[in-house]
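The sequence and the structure come first, and the notes follow.

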Amino acid sequence: MTVVQGWRRCIRTLLVAVVVLAALPVHTSFAQSSAATPEKSGKTNVFDSIFGLKRDTKDGGWLFAASREDGEAGVYFAISKDGYQWTFVNDAKPVARRTEKDELMGDPFLQRAPDGSVRMVWTWSKGGVPAGIGYSSSFDLVHWVQHRKLALTASIPGALTSRAPAMYYDAAKKDWVILWTSSVLPNATASPEDHIYATTTTDFKKFAPAKVFFDPGYSVADATLVNSGTLAQRYCLLFQDERTSPLDERIHMATGPSLEGPWQVSSGAISDAWADAPAAIPVMGGLLVYYHHAHDAGDVYGAAFTADMEHWTDTSIKTMFPGGMRHGSFLPISDDEYQMLKDYYFRVTNGLEK
């Protein structure tokens, strides 16, 4: 944990203590709050079926893959058993490295495929300019096939960028849905606007024409999906609302009955200010959504917990997240994968990894 993180958590702890001593009700900075906590909630976790985020066994753990700065060095890994306490893999050195001269590896997103392999997409260029999404796959999380640049914006008039991708396997249709943020120039006199676009593919070689996936009528970015299981509005879309100044950008949510929507934006934010890049992980009793704080030195992460996708509690003080990581995604891993990554630095320094 960085010095900045330590001070930040210390200040939060003192503030909570002052409120309790004054016998005042505690409220988060979010529009909605709840007394439910991960430890006390006895509800069945309806979020275990999140697009491949359900663990195959009770063993194993979680992998968080993220970039540092603009992704010049590659992708960094951190691992956790409970989703709250995280440690770097490979002594805070990148695990997946660049293979092409012109590529960066920002905003990595991992997903498990039906054949057991892991697919990864990422932002290829700084700020998504020129437009391009990176793609690779691996069977062991360490050795990745040659990286490819996917040109997904060719069918979008006025598209200037492509960044912050996410992808999900649709078992019913047996294809992949890829989401990303594109800045689009509507016409010569307008300012660029950010919207969420999507395409589908079965082989990551041929792609359906891109289409608008989510456009609430204002600029949005960094979309990620949650399958909320038994809830009536089964699908939840987490995104960054860009209408305010960067100092007050927050994570919001929309809900819909299907993967295609239609999407209805919920009232209120689920995060505090200056937040982007939400990433969701099921934990005991509910769902934990991490989000990146760009204004904090060292790229600090905040977190919000929910048991029902309606009431949210700021749980940042309960998490231990490696500083310096940004714009990442989660992947459930087996116990063998967890142990391999835990020992990865030892294996590299002793010449066991090639």
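How many bridges join strand S10 to S11? Three bridges join strand S10 (residues 193-201) to S11, and the two strands run antiparallel. The model is predicted; local features need pLDDT of at least 70, side-chain atom pairs count only at pLDDT 80 or more, and totals for chains, interfaces and linings use all residues. Residues are numbered from 1 along each chain as its sequence is written, and side-chain values use heavy atoms, with hydrogens and water left out.

**Sheet**

- S8, S9, S10 and S11 form an open sheet of four strands in the order S8-S9-S10-S11, with antiparallel pairing.
- Strands are DSSP runs of E with at least two residues, helices are runs of H or I with at least four residues, and both are numbered from the N terminus; two strands pair if DSSP finds at least two bridges between them.
- S8 and strand S11 (211-214) are the edge strands, each pairing on one side only.
- From one strand to the next, the twist averages 35°, with axes taken as lines fitted to C-alpha atoms (for helices over the stretch in contact) and angles running from 0 to 180 degrees between N-to-C directions.
- Tyr197 stands opposite Val212 in S11.

**Aromatic pairs**

- There are 19 aromatic pairs in the structure; rings of Phe, Tyr and Trp (its six-membered ring) pair if their centres lie within 6.5 Å, and planes under 30 degrees apart count as stacked, over 60 as edge-to-face and the rest as tilted.
- The pair of Phe64 and Phe330 is tilted because the ring centres are 4.9 Å apart and the planes stand at 45°.
- This pair links distant parts of the chain, with Phe64 in strand S1 (residues 61-67) and Phe330 in strand S20 (residues 326-333), 266 residues apart.
- Phe64 and Phe330 are buried, where buried means under 20% relative accessible area, exposed over 50% and partly exposed in between (1.4 Å probe, protein chains only).
- Tyr290 and Phe321 form another tilted pair, at 4.8 Å centre to centre and 35° between the planes.
- Tyr290 is in strand S17 (residues 286-293) and Phe321 in the loop between strand S19 (312-314) and S20, so this pair ties together parts 31 residues apart in sequence.
- Tyr290 and Phe321 are both buried.
- Phe64, Trp86, Tyr290, Tyr301, Phe321 and Phe330 are linked by ring pairs into a cluster.

**Charges and salt bridges**

- Lys81 lies over the face of Tyr338, 4.3 Å from the ring centre; a charge sits over a ring if NZ of Lys or CZ of Arg is within 6 Å of the ring centre and within 35 degrees of the ring normal.
- Arg68 lies over the face of Tyr76, at 5.2 Å from the ring centre.
- The structure holds 10 salt bridges, each a side-chain nitrogen of Lys or Arg within 4 Å of a carboxyl oxygen of Asp or Glu.
- One of them joins Asp335 and Lys81, whose closest N and O atoms are 3.4 Å apart.
- Asp335 is in helix H2 (residues 335-342) and Lys81 in the loop between strand S2 (76-80) and strand S3 (87-88), so distant parts of the chain, 254 residues apart, are linked.
- Asp335 is partly exposed at 30% relative accessible area, and Lys81 is partly exposed at 38%.
- Lys173 and Glu260 meet in a salt bridge of 3.2 Å, N to O.
- Lys173 counts as exposed at 53% relative accessibility, whereas Glu260 counts as partly exposed at 44%.
- Arg163, Asp194 and Glu242 are linked in a network of salt bridges.
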